[in-house]
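Work through the exercises below with the sequence and the structure in view. Each task is followed by its solution.

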Amino acid sequence: MSQQAASRPRPLSPHLTIYKPPITMAMSIIHRITGGALYFGTLLVAWWLLAAATSQSQFVFLSEWSETIIGRLILVLYTWTLMHHMMGGIRHLVWDTVHGLEKNNSRKIAWATLVVSITLTALIWATVIWTKG
Amino acid sequence: MAHENSKMQTPLRRVRGLGTAHEGTGHFWVQRLTAVSNIPLVLFFVGLMIALDGRNFADTRAVIGNPIVALPLLLALLSILTHMRLGMQVIIEDYVHSALLKPVLVMLNTFYVVVIGAVSAFAILKLAFGG
């Protein structure tokens with residue numbers, strides 16, 4: 001009897017390759033990744049501040065770099081990373097008040113962090129283009 | 001004592017409730033405190049970046065050196081750096097379990113934040129006090 005049960009193919013738990021990550025899980029991971037990225041992003045801010053205070057050549061280098069396509073792409077990504085981590089953080093603060101933890105609400109709020117962070121990033125860069133253009 | 005306490009802990013220890021690291025909920029609380037203060041300060045920083053995009057060296061220096069900008073910028077640094085030091089510490093503690101590497105990385109984390117803070121604060125103050 002036990003022999004039979006042991007030799008029968010066992011049902012596998014959802015396998016990683018066919019497992020669809022829930023949005024809450026994805027946003028949780030992204031919150032940590034964006035936090036880690038912002039941690040190292042402050043290097044760029046410190047570099048820029050030091051350049052403004054002490055070195056015109058460094059400042060011009062950073063300014064010109066920021067105007068290149070790659071520079072702009074990095075800054076847009078930096079903006080989104082910052083906005084997304086902020087939205088994720090606000091979600092955490094809401095959770096701290098024991099709200100928004102119910103399954104369907106938490107999924108909606110997780111999607112909302114993504115939608116709002118992308119919207120804010122677009123608004124910020126629209127403002128940059130509008131004020132310069 | 002009336003309550004049942006199976007732990008080997010004196011009532012004084014229990015009421016102080018600071019745990020093995022002697023800081024209680026300090027880490028959690030400061031993470032939340034700076035999360036809240038980061039919101040207006042980061043929005044200020046983003047606004048400043050929008051305003052400074054494309055400005056030349058002299059203009060940028062004048063703007064950063066203005067007290068209305070320099071002060072919130074210093075506050076933003078304090079709030080953000082405190083927040084990210086705590087955040088990175090949690091990441092290190094979650095993933096690094098080596099008895100040697102973990103304390104080394106936790107120390108490097110603090111050094112990194114202090115150096116970024118010192119460099120940035122020096123730059124802002126230099127500009128604020130007249131370049």
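The axes used in Exercise 1 are lines fitted to C-alpha atoms, for helices over the stretch in contact, and angles run from 0 to 180 degrees between N-to-C directions. The model is predicted.

**Exercise 1.** Describe how α2(A) and α4(B) cross.

Solution. 
Step 1. Two packed helices are described by the angle and the distance between their axes.

**Exercise 2.** Which residues of α2(A) and α4(B) meet, and how do they divide by type?

Solution. 
Step 1. On the α2(A) side, the residues are R32(A), G35(A), G36(A), L38(A), Y39(A) and T42(A).
Step 2. Their partners in α4(B) are M84(B), G87(B), M88(B) and I91(B).
Step 3. The residues of this contact comprise 5 nonpolar, 4 polar and 1 charged.

**Exercise 3.** Describe the side of chain B that touches chain A.

Solution. 
Step 1. Count the residues: 24 of chain B are in contact with 26 of chain A.
Step 2. Find the helices of chain B that each supply at least two residues to this side: α2 (26-52), α3 (57-65), α4 (67-95) and α5 (101-128).
Step 3. Sort the residues of this side of chain B by type: 16 are nonpolar, 4 polar and 4 charged.

**Exercise 4.** Compare the UniProt "transmembrane region" annotations with the model.

Solution. 
Step 1. For chain A, the unreviewed UniProt entry lists residues 29-49, 69-88 and 109-130.
Step 2. In the model, residues 29-49 of chain A are 100% helix and 0% strand, with end C-alpha atoms 31 Å apart. Residues 69-88 of chain A are also 100% helix and 0% strand, with their end C-alpha atoms 28 Å apart.
Step 3. For chain B, the unreviewed UniProt entry gives residues 33-52, 64-84 and 104-129.
Step 4. Residues 64-84 of chain B are 95% helix and 0% strand, and their end C-alpha atoms lie 23 Å apart. For residues 104-129 of chain B, the values are 96% helix, 0% strand and 37 Å.

**Exercise 5.** Where in chain B is confidence lowest, and where is it highest?

Solution. 
Step 1. Chain B averages a pLDDT of 92, and 94% of its residues score at least 70.
Step 2. The lowest confidence in chain B is in helix α1 (residues 11-16), at a mean of 78. The highest is in α5(B), at 98.
Step 3. For the complex, the predictor gives an ipTM of 0.86 and a pTM of 0.87.

Terms used. Residues numbered from 1 in each chain as written. Chains lettered and ligands numbered in written order. Predicted model: local features only at pLDDT ≥ 70, side-chain atom pairs only at ≥ 80, totals over all residues. Contact = placed C-beta atoms within 7 Å. Helix = DSSP H or I, 4+ residues; strand = E, 2+ residues; numbered from the N terminus. Nonpolar A, V, L, I, M, F, W, Y, C, P; charged D, E, K, R; others polar. UniProt positions renumbered as here; feature names shortened; annotations may be inferred. pLDDT = per-residue confidence, 0-100.
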